[in-house]
Structure formats: C-alpha cells, structure tokens
Amino acid sequence: MITAAVCGAICAWSLFREAHGGKSEPHPGPRIVQLGKFDSLQVFRGLAATGVVFQHTAMSTGSFVGKLPAGLNSIFEHGFLGVDFFFVLSGFIILSSHFDDEKSVAAMRTYGSKRFVRIFPPYWPVSIALIISYLLLPNLSAGNRSDFSLLSSLLLLPDAHPPALSVAWTLIHEVLFYLVFCLFFVSNRIFLIFVSAWVLAICASRWLADGGGLSPLPARMLNPVNLEFVLGMSVAYLARVVSNRFAMAWICLGCVVFVLLLFWSFSEQHRILFGLPFSALVLGAVLLERQGRIAMPRSMVLMGDASYAIYLVHNPLVSLTSRLVGRLPGLASWGMGMFMGVASSLVAGVLYHLLMEKPLIRLFRRQFDRLASR
C-alpha cells in the first residue's frame with residue numbers, strides 16, 4: 001500500500017530524528033505556528049466541501065428529478081474525494097497548530113476543549129433536527145434512516161448503526177483522530193510510536209483479514225482513510241524543514257499525480273491514494289503562501305471558513321430541493337435540480353456559519369473559559 005508506505009517512512013524518519021537530537025533547529029525560515037494565517041488552506045477546505053456538495057446533489061437529482069449526462073455525472077461523482085482532502089487538511093492543521101505546545105495535562109485539556117467546541121455545538125442542531133424528523137416521519141428518507149444510532153448521532157462515537165446525519169461518519173473518524181492526538185501532549189516519542197503502530201495495524205488488517213468482522217470501534221480505527229490524517233501530519237512536519245523554493249515543484253507534483261489517478265479506473269478502496277497528491281498540494285501551497293507569493297480572494301476564504309457548516313447542512317437540503325424540483329411542472333430538469341441543490345447548500349451553509357456556528361462557538365468558549373478560571 002503506497003500511502004501506508006509513505007506514512008510509515010515519514011514516521012520512521014521522525015522517530016530517528018527524535019532519538020538522535022530531534023530538538024535541533026528546523027530549516028532556516030519562518031516556522032509554522034498558527035495555521036489560521038494560511039488562507040490557501042481555507043480555500044482548499046471550501047473546495048473540498050463544494051466537491052462533496054456536487055456529488056450528493058448529483059445523486060439526489062438523479063434519484064428525484066432526472067438523469068444527468070454521463071460525462072457530467074462521472075465528474076460530479078468524484079466529489080467524494082473532498083472528504084479525503086478534508087482528512088489530509090485536518091491532520092496538517094492539528095499538528096501545525098499544536099506543534100510547539102507544551103507537554104502537560106493543562107495543554108491537553110485546552111486542546112480538548114477547543115476541539116469539542118469546534119465540532120459539537122455546530123453539529124448538534126442539525127443532528128437533533130434530523131433525529132426528531134426521523135422519529136416523527138420514519139418514511140421521510142428514501143433510504144431506511146429509522147435505524148440510526150443515538151450514540152453516534154449525538155456523541156460521534158462508533159456504533160453498529162449509522163448516525164442520523166449520514167455524512168457524520170466522517171466526523172466519527174475526526175473525533176477518533178482527535179483522541180489519538182491527545183498522546184502528543186504526553187510525549188513526542190510515545191505519540192510517534194503509537195502512530196507508527198497504527199499505520200502498521202491498518203495495513204495488517206487490510207492484508208490479513210480485509211478489515212471484515214470487526215466491532216465498530218476497531219473497524220473505525222483500522223479504516224484506511226485514517227492514513228490520510230497521518231499524511232496530513234507528515235506534511236505539517238515536512239513544512240517545517242523543507243525549503244520554500246520547492247513550493248511550485250510540490251504543487252506541480254500534486255497536480256500531475258491527481259490527474260493520473262483520475263484517469264485510472266480506481267475503486268472506492270483505493271481512494272486513499274488521493275491523499276498523496278492532496279498532501280503535495282497542501283505542502284506546496286503553504287510554502288508558496290509563506291513566501292507571500294499568493295493571495296486568496298476573500299470570498300473563497302469565506303467559503304472555507306463556512307466549509308464545516310456547508311458540510312453539515314447540505315445533505316438534508318439537497319434531498320429537499322431535489323424532491324421539490326422534481327414536482328415542479330415544466331421545471332423538473334437535472335440542470336434545475338443541480339442549480340437549486342448546490343446554490344441552496346452554499347448559501348445556507350454560509351448563513352449557518354455566520355448566524356449559528358460562530359455564535360455557538362463563542363458561547364461555548366466563554367463557558368469553558370469560565371470553568372477554567374474557577
């Protein structure tokens with residue numbers, strides 16, 4: 001598995017540096033401390049969310065409105081790769097944001113509260129609304145959504161049944177990754193050893209048993225998509241030690257590999273290979289922006305800021321808009337279905353970000369700060 005080999009090689013290199021003077025100074029140049037300064041990453045987040053929106057809108061439009069042209073549908077169906085881009089970005093952002101944090105219980109507590117506030121308050125209103133809807137109207141969804149799990153729907157913990165919000169399966173992986181990252185605040189070496197063992201365990205589960213027959217928690221932990229978090233963290237480490245002058249080379253490499261993979265007839269199980277070009281693109285963009293050579297439009301940065309909100313609200317919305325368009329006489333076309341689904345998702349996502357997500361995050365942060373000050 002190429003992705004696992006890359007992750008393992010970088011983990012081994014990091015362990016070697018840790019054991020042989022790992023505290024040496026990084027490559028001369030600006031050090032990544034606060035990722036919020038890198039607008040390119042926010043733009044990537046917005047593009048990833050938009051890709052997922054297009055994929056789900058195409059699926060819903062095809063089911064309730066009309067069949068899309070084969071060429072367009074083949075393009076839109078690759079939107080699921082936005083999830084893989086999200087995972088790489090998440091690994092990069094988490095390690096880069098906390099790379100210089102002290103190793104202490106207090107730092108771990110601060111990290112945990114920030115992650116909790118970032119994920120759960122914006123998620124709960126959408127999830128609870130869907131739980132209530134499915135309880136009151138069991139046939140609301142075309143699929144069987146009455147078998148959702150309250151555990152995964154409310155706490156984003158692995159369970160035998162799916163969460164009420166279908167896309168929340170990715171958030172379960174996010175939460176598990178956040179829990180694994182807590183080891184970073186214990187010891188760099190312990191963290192690296194655990195991550196290396198995690199990579200090996202994922203490979204072993206694929207080769208020996210194909211990951212089948214596992215209970216929910218091991219199945220989630222051993223899912224190959226977790227390698228994309230490791231790739232993101234690996235790139236965050238590389239960004240501190242490689243030269244800025246190779247920025248365009250990394251971007252070109254990422255673009256070439258991405259296009260080659262698209263032309264390859266890959267299956268769902270090979271999706272993690274796209275983590276490699278995404279990692280190269282992230283590394284190149286950060287190095288380029290660190291030199292001040294690129295500037296991102298504020299509208300695209302806003303879409304990135306609202307990417308989590310867009311991701312949360314889009315699936316219920318495209319389900320509703322496609323049903324609505326499908327019942328409009330004279331307007332029931334795949335083009336109208338796509339337009340209504342994508343436009344409503346992006347607009348509603350930005351509004352949810354501004355009117356719900358940001359206020360909720362501020363509210364919960366104030367509460368955590370008050371508890372911490374006592």
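**Note on a predicted helical model**

1. Residue F339 is found in helix α15. The model under review is a predicted one. With a relative accessibility of 54%, F339 counts as exposed, the cut-off for that class being over 50%. Its C-alpha atom and that of T57 are separated by 8.9 Å, although F339 and T57 stand 282 residues apart along the chain.

2. As to the overall architecture, the protein chain comprises 15 helices and zero strands. The chain has 374 residues, of which 48% are buried. Among contacts with a separation of 6 or more, 79% join residues 24 or more positions apart.

3. The packing of helix α5 against helix α15 deserves a point of its own. Helix α5 covers residues 105-136 and helix α15 covers residues 334-373; their axes come within 9 Å and cross at roughly 135°. The two helices, α5 and α15, are therefore oblique to each other. In handedness, the crossing of α5 past α15 is right-handed.

4. The residues that form this contact can be listed for each helix. On the α5 side they are S113, F116, V117, R118, P121, P122, W124, P125 and V126, and on the α15 side Y352, M356, E357, L360, I361, F364, R365 and F368. By class, the contact of α5 with α15 contains 13 nonpolar residues, one polar residue and three charged residues.

5. The axes of helix α2 (residues 39-64) and helix α14 (residues 307-326) come within 9 Å, with a crossing angle of roughly 20°. Because angles under 35 degrees fall into that class, α2 is roughly parallel to α14. Here the crossing of α2 past α14 is right-handed.

6. Which residues of α2 and α14 make the contact? From α2 they are R45, G46, A49, V52, V53, H56, T57, S60, T61 and F64. From α14 they are S307, Y308, I310, Y311, H314, N315, V318, S319, S322, R323 and G326. The division by class for the contact of α2 with α14 is eight nonpolar, eleven polar and two charged residues. T57, listed here for α2, is also the residue whose C-alpha atom is 8.9 Å from that of F339.

7. On the cysteines, the structure holds zero disulfides. C252 takes part in no disulfide, and the nearest cysteine sulfur, that of C255, is 6.6 Å away.

8. One backbone angle should be noted. The phi of L156 is near 55°, a positive value in a residue other than glycine. Most residues other than glycine have a negative phi. L156 is placed in the loop between α6 (150-155) and α7 (169-181). Is L156 buried or exposed? With a relative accessible area of 0%, L156 is buried.

Methods. Residues are numbered from 1 along each chain as its sequence is written. This is a predicted model: local features need pLDDT of at least 70, side-chain atom pairs count only at pLDDT 80 or more; totals for chains, interfaces and linings use all residues. Side-chain values use heavy atoms; hydrogens and water are left out. Axes are lines fitted to C-alpha atoms, for helices over the stretch in contact, and angles run from 0 to 180 degrees between N-to-C directions. Helices (H or I, at least four residues) and strands (E, at least two) are DSSP runs, numbered from the N terminus. Angles under 35 degrees count as roughly parallel, over 145 as roughly antiparallel, 65 to 115 as roughly perpendicular and the rest as oblique. A crossing is left-handed if the near helix is turned anticlockwise from the far one by less than a right angle, and right-handed if clockwise. Contact means heavy atoms within 4.5 Å. Ala, Val, Leu, Ile, Met, Phe, Trp, Tyr, Cys and Pro count as nonpolar, Asp, Glu, Lys and Arg as charged, and the others, Gly among them, as polar. A disulfide is a pair of cysteine sulfur atoms within 2.5 Å. Buried means under 20% relative accessible area, exposed over 50%, partly exposed in between (1.4 Å probe, protein chains only).
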